[in-house]
Every structure is written in structure tokens, then in C-alpha cells.
Amino acid sequence: MEHAIVLFDGDCNFCDSSVQFIINHDPAGYYQFASLQSEIGQELSKKYKVPDDVDSVVLIKDGQAYVKSEGALMISNHLTGLWKLAYYLKPFPRAIRDGAYDIVAKNRYKVFGKLDSCMLPPPHIRKRFLDK
């Protein structure tokens, strides 16, 4: 099966919750995960030329990196349930979508805090994480 990779801020509660959300709405296991701070996360960021100022969620799919609202909407397209409908926000101007995304990303530590420790997923989920 083809996979896409979600890079996330491993220190951020909101990003951790986002990963948990994706896992819960991706029963087929389409998405794999790696923290941006990990060795593989750093390698993938460099390989796919992720801008240095991007520090939240990044989607790597079909040989390309998608950041900010574009990445989030692309992720939603493969989720189950009504979340799939979020993909249809793509026609909205990217500047507006990214502006809203940037507000959340800029304030995520203040609102959601930082993690003191990493989650330890069960073995059947752990295999989806690239940074072991």
C-alpha cells in the first residue's frame, strides 16, 4: 500500500493530539509519522525542502511536501467520516487559509502547552512511526 508521511512537532500537545486524531480516523494506516525533531524528520525536511520556519505539521506525499493549510487539507482527504469534507475548503484563497493556520500554529504552545514525555502507542500503531 502507498503511504504518506506526516511530520509533526514532537514537543507540542496540539500536534500530538493531531497525530492521535489522524490515527483514529485512518484505519487503513495510510499515514506514517515522524517528529520534525527526529533524525528522519530532519532528513525528510531537508530532502523535500521544507522551509525552516515551518515547525508544525508537514505532509509528504507523492514526492512533495505540503505545509500549513495545504498539508492539513490534504491530510483530511484520506480520513474517515465527515472530516474528509474539510478537503473541500481548498478553493478558499490560500492566503486566508494559511493566515488562520499561522494563528493557531503561533499560539499552540500557549494554548495547548508542551509535552513532558512522548506518547507510547501500542505495537500495532508504533510500526507507523518512522523514528523508532
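Contact means heavy atoms within 4.5 Å.

The model is a predicted one, in which local features need pLDDT of at least 70 and side-chain atom pairs count only at pLDDT 80 or more, while totals for chains, interfaces and linings use all residues. Residues are numbered from 1 along each chain as its sequence is written, and side-chain values use heavy atoms, with hydrogens and water left out.

The protein chain holds 5 helices and 4 strands. Of the 132 residues, 42% count as buried, where buried means under 20% relative accessible area, exposed over 50%, and partly exposed in between (1.4 Å probe, protein chains only). Among contacts with a separation of 6 or more, 69% come from residues 24 or more positions apart.

Strands β1 and β3 (residues 58–61) run antiparallel and are joined by 3 bridges, and I5 stands opposite I60 in β3.

Next come the cores. A nonpolar core is a set of buried Ala, Val, Leu, Ile, Met, Phe, Trp, Tyr and Cys residues joined through side-chain atoms within 4.5 Å. The largest one has 19 residues, and those with the most contacts inside it are V6, I22, Y31, F33, L59, I75 and F129. Two or more residues of this core come from each of β1 (4–8), α1 (13–24), β2 (31–35), α3 (68–76) and α4 (94–112). A second, separate core of 10 residues includes L7, L44, V54 and V58. L59 shows how the chain comes together: leaving aside neighbours within four places in sequence, L59 is in contact with A4, I5, V6, Y31, Q64, A65, Y66, G71, M74 and I75.

Aromatic rings are the next topic. Rings of Phe, Tyr and Trp (its six-membered ring) pair if their centres lie within 6.5 Å; planes under 30 degrees apart count as stacked, over 60 as edge-to-face and the rest as tilted. The whole structure has 5 such pairs. One of them is F8 with F129, edge-to-face at 6.4 Å centre to centre and 85° between the planes. Because F8 lies in strand β1 and F129 in the segment after α5 (123–126), this pair ties together parts 121 residues apart in sequence. Y30 is buried at a relative accessible area of 8%, and Y31 is buried at 0%.

Charged side chains form 5 salt bridges across the whole structure, a salt bridge being a side-chain nitrogen of Lys or Arg within 4 Å of a carboxyl oxygen of Asp or Glu. D26 and R128 meet in one at 2.4 Å, N to O. This pair links distant parts of the chain, with D26 in the loop between α1 and β2 and R128 in the segment after α5, 102 residues apart. Both D26 and R128 are buried.

E70 forms another salt bridge with R97, with the closest N and O atoms 3.4 Å apart. E70 lies in helix α3 and R97 in helix α4, so the pair ties together parts 27 residues apart in sequence. Both E70 and R97 are buried. Within helix α4, R94 forms a salt bridge with D98, the closest N and O atoms being 3.6 Å apart. R94 is partly exposed at 41% relative accessibility, whereas D98 is buried at 14%. Salt bridges that share partners also join E70, K90 and R97 into one network.

Technical notes:
Pairing = 2+ DSSP bridges.
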